[in-house]
Amino acid sequence: MIISVLIGLTIIAQAWLIVAVVDNVFLQGASFQEVLPELAGVMLALGARSILQYVNNLTGIRLAADVKQEFRTDILRHFRSSPVRAAGEGQSGGRISLALDAVDELEPYFRHYYVVMMQSSLVPLIVLGAVFYMNWVSGLILLVTAPFVPIMMAVIGRNTERKSEEQMEKLNRFAGTFLDLLRGLTTLRLFNQAGKQAAVIEADSNAYRDATMTVLKVAFLSALMLEFISMLSISLVALEVGLRMVVYDQLSFFTAFFVLILAPEFFASLKEMGSAFHSGRGSMGAAERIYEELDSGSETAARGDLERKGPPAFTFRSVTFDYGESRFALGPLDLTVNAGEHAAVIGPSGSGKSTLLHLFSGLYEAGEGTVGVDGRAIQEYEQEQWYADMAYVTQHPYLFAGTFRDNLRLGSPDASDEEVERAAAWAGLTPLMQEMPEGLDTVIGEGGRGISGGEKQRTALARAYLKQPSLLLYDEPTTGLDIETERILQRAMNELSERATVITVAHRLHTIREADRIFLMEEGALEAQGRHEELRQSSRNYQNMLEVQQGGAGR
Amino acid sequence: MNVVRTLLLKEKKDIALSILFGFLAGIGAVALFANSGYLISRAAVVPPLYVLTVTIALLKLFSFTRALSRYGERLYSHRATFTMLSRVRTHFFERLIPLAPRLSQQFRSGDLLARVVGDVEAMQDYFLRVFYPPLVMVTVFLATIAFTLFFSPVTALILVAGLVVTGLLIPLWHESREKRRLPQMRAERGELSSSLSEFFAGFRDLALNNQLSRQEEEILQRSTAYEKLKQQAAEERLRSQTFSQLTSFVVTWVILAAGAAMTAAGNLEGVFLAMLVMISLTVFENTVPMAAYASYKKETTEAANRLDEVLSDDSLKLPEAAEPVQLPSGAIPLSWEGVSLQYEHAVRPALHDVWLDVEPGSKTAVVGASGSGKSTLLQLALRFSLPEKGEVKASGIPLANVQEEALWERTNAVLQEQHFFYGTVEDNLRLASATAGKSDMIRAMEQVQLAYIPLESDLQEGAANLSGGERQRLALARALLRRADLWLLDEPVSSVDPLTSREVMRDVYEAAGEATLILVSHDLQGLEEMDCIVVMDQGEIQEVGTYETLMQRRGLFHDMKQVEAQVMQGTG
């Protein structure tokens, strides 16, 4: 606010001093030496104005950088404590764009809107006051015409702005269509349709251009009206001061010139506020998107600091879970797994097997009820130690950009090269390592491109081996085409299982048969549980599954 | 960049009008303020009334000129931009067509394509912010300078100096300082984007391995680095703006001082002094767009260069058939003769010394683990690339001598990445066959058991509103509408439930009739009916034979069947 007052004052000082110089030499016949003090003053005022604006904008730039960093920190923290939303189904593209693009879109607000509001909010008032003080008629002209600027912006602006925003959206969608065509170019070529599409693009682009132009025309017209208002107002002021000087002899040259310099400054600052308002609005949408995400999803509770050792025992008491949307809900589940037992979770796809596994892992938190571990709630255990003593072998482990070594010792960062190599050999990765140009130092790309699915699973095995966990979660492969990996997985899991509680999402009959407990899931509920023999007696669904399986094997 | 300029210059009329109106708008404002300065100076010395009347009339004229010209300028410059953009899009699309299969093959994530689109759209700034602002600025200044020359050569000279500094020196200085920052900024943004993508895509593995904090730290570090560069760039631009403004202030001051000195000395008539000061205060508003000129110039030039890079990337070009040979009609036999291929940046060859004969009209299945080379086998048959060693032949003709269009015309290829366009189901089916009627389409939809989806229903981008299995069946429906002598199917029903997929595939086999068909599959069910089964492992063919012979051999295929027998059905 102070800066706004200061800028207003420099504008007035600048105008005053310029006028004084011209007045003195032109009408008062002063010599050059006599106006030197005023000239020096003009220099000072102009310099001060530049510096003030520079400082003010600099503050905005720094503020924007700080705020954006804060928002990124908040977004990451939010996702971190809300694993369901971070790791949830669907593309991660939207989440990345939130943390990257949406945050970037906040910039104009702080860099432009906020700064201009700080800077210009008082400038028109100060300028207007000065004009009124010197010549109330000119002041009145400005005062009467000025409200037309916001009124015009509101009346014409509201409709056209919405329309032009719609049109901008269409432009983005149009760019999307272009991307769509590029992505499908192979398909188009295979169907021999690519040539035709080029003509379509041109026709669509031009049609789009014409539609946009009609909307833009209205927007430009409103700008034209604004321009008219300010230009007419300024020329009205010029006319008024000119006439009053000559015809009525009411005004001095000094006053007239002073008013004439200030009038455009007045409208310039009004227009600046208008455009700042516009650019601030774009940021609002981004801010809404960010807050919507930050406010959604429950965040996980704080973890305790209990330490534990050895294979854990689980007790689920009326455990429920949902993804915050209506599509899927799990539970309430009551179940027990004793320390060192091997449990198999089975059921059709979408029945909640993976979700259940995530509840065992502690990554997802029960909505209601408690997941108990050795008689205490799972949240009471110290998180880092809990994860360090657990391994999760999934069907699609993620390989990170970095060296092969770092990928292998992801969960055991302190493992020596010797240990890493032993783990890799144990998981059947020696052939891959030998093929890699730099062995353990070979840099693997994002997502591990170029490494087969089986090798990724083996990498997960090596990670598990390095941890020697007492809780083992295992997502058994659904297909058996990778014979080598199949063999390795079987041997490895048997070894790791010896000293651990094991929960397997199972697809193999032998795994299921040998499990100490089977949990048969159906649409988020526990349909049946027990050992193979028991379920074969008691569960109709289980019998059906076995029948289908034997039918399949027979063919 | 030259291409874009050439395409732009086709809009001669709009460009000329934009510049004309831009000039009129700029000069209109200068004239308006000059005139009003003159008016009051004149008024101060009590002139004859007609002078005042004329000046006042001019005042109105100039303010209307200014406002209307600004309107015309906006209208024509935007028209020119949009027309140019449409030309640019079409131009690049046409030049990307020949690169298609490899473009999507090598950049699966679609990042590259998104970048191409972004770069094409970036060209809209070229005309609006790079091409014509300097032209308008220079013409307005020249006219103003010529005008002031008439009253005060010294003032004209000072304006020239001001123009040189604000219009040339400051943008050049800014450009030289920005040169390195822009690529750096893009690189930092890329890094930030990829660590964010790892954070989300690998979230579970990071969380369960206690690595979230480390990744979070890394992201924030990269964000800091990126923001720092952005901040520096913004500060640089602000500095350039401030210097520009300061220069215009200094120029006004010098004109004021010189004018004052000259008036005092009697070398300049006092009535013109206010006018000259007003001119100087106004004319520099035309230099404002020049403050951002350098960054936009750099951005558009780089975008254009990147586009050129993609277009001239030889690794994306399909090899051309030097002396094209026609494929004989009828079912197309295929043979791979000692074929090896290694993709760039891959640790091992995708295919190694593959020998395989596929008889005309036969039905072949290719099975094997992920990454065993099955898809590469098909892509070579589609001539997406030529093998490094050995040859792939269709009807005995090396594919190097076959034009890809000639091959594709005869082929029904259903690849793993099938694309569907924004539009109706019918639009998407129509791609496959221009002649197919509605009844044909409905029949095809029935055959793939999608009869419950009406032809006129809308598909979102990438058919995101269909399930994976529905998308696969829609792709098959497209193939069913075309007659072909060669069917190449890459896991066409991997997301379809076993019962439905068996029924759908039966229709596909029937439609293929006498054509040669190769099916890549990870499902071992129903392979008894195939004429031949090829088992692949690590880029090599391990076994070839009928279901019976392979089972008797008790090799890899037999082992796969053993595992499959253990897999519980319906526990996906």
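Modeller: Two strands are taken as paired if DSSP finds at least two bridges between them. In this predicted model, strand β4 (residues 370-373) of chain A and β5(A) are joined by 2 bridges and run antiparallel, and within that pairing A:G372 has A:A377 of β5(A) as its bridge partner. Both strands belong to an open sheet of 4 strands in chain A, whose order is β2-β1-β4-β5 with antiparallel pairing. Because β2 (329-337) and β5 (376-377) of chain A each have a single partner strand, they stand at the edges, and one side of each is left without a neighbour in the sheet.

Strand β3 (residues 342-346) of chain A runs parallel to strand β11 (residues 517-522) of chain A, with 4 bridges between them, and one of the residues involved, A:V345, is partnered by A:F519 in β11(A). The pairing of β11(A) with strand β12 (residues 525-530) of chain A is, by contrast, antiparallel and extends over 5 bridges, with A:E522 opposite A:A525 in β12(A).

As to confidence, chain A averages a pLDDT of 84, and 91% of the residues score at least 70. Among the elements of chain A, strand β10 (residues 501-505) has the highest mean pLDDT, 95, whereas helix α8 (residues 148-183) has the lowest, 66.

Turning to the partner, the contact draws 160 residues from chain A and 150 residues from chain B, and the area buried between the two chains is about 13,900 Å², with carbon and sulfur atoms giving 69% of that area. On the side of chain B, B:F93, B:F200 and B:M568 supply 6% of the area that chain B buries against chain A, which is more than any other three residues.

The polar side of this interface can be followed in the same way. The rule finds 37 residue pairs in polar contact across the interface of chain B and chain A, both residues being at pLDDT 80 or more. Helix α10 (residues 212-265) of chain B gives the largest share of the side of chain B that touches chain A, 28 residues, and the residues on that side of chain B divide into 79 nonpolar, 41 polar and 30 charged.

Side chains of opposite charge can pair when their charged atoms come close.

Methods
Residues are numbered from 1 along each chain as its sequence is written. Chains are lettered from A and ligands numbered from 1 in the order in which they are written. Side-chain values use heavy atoms; hydrogens and water are left out. pLDDT is the predictor's confidence in each residue, from 0 to 100. Contact means heavy atoms within 4.5 Å. Buried area is the accessible area (1.4 Å probe) that two parts lose on being put together, summed over both. A polar contact is a pair of N or O atoms within 3.5 Å; within protein, one must be able to donate a hydrogen and the other to accept it, and residues adjacent in sequence count only if both atoms are side-chain atoms. Ala, Val, Leu, Ile, Met, Phe, Trp, Tyr, Cys and Pro count as nonpolar, Asp, Glu, Lys and Arg as charged, and the others, Gly among them, as polar.
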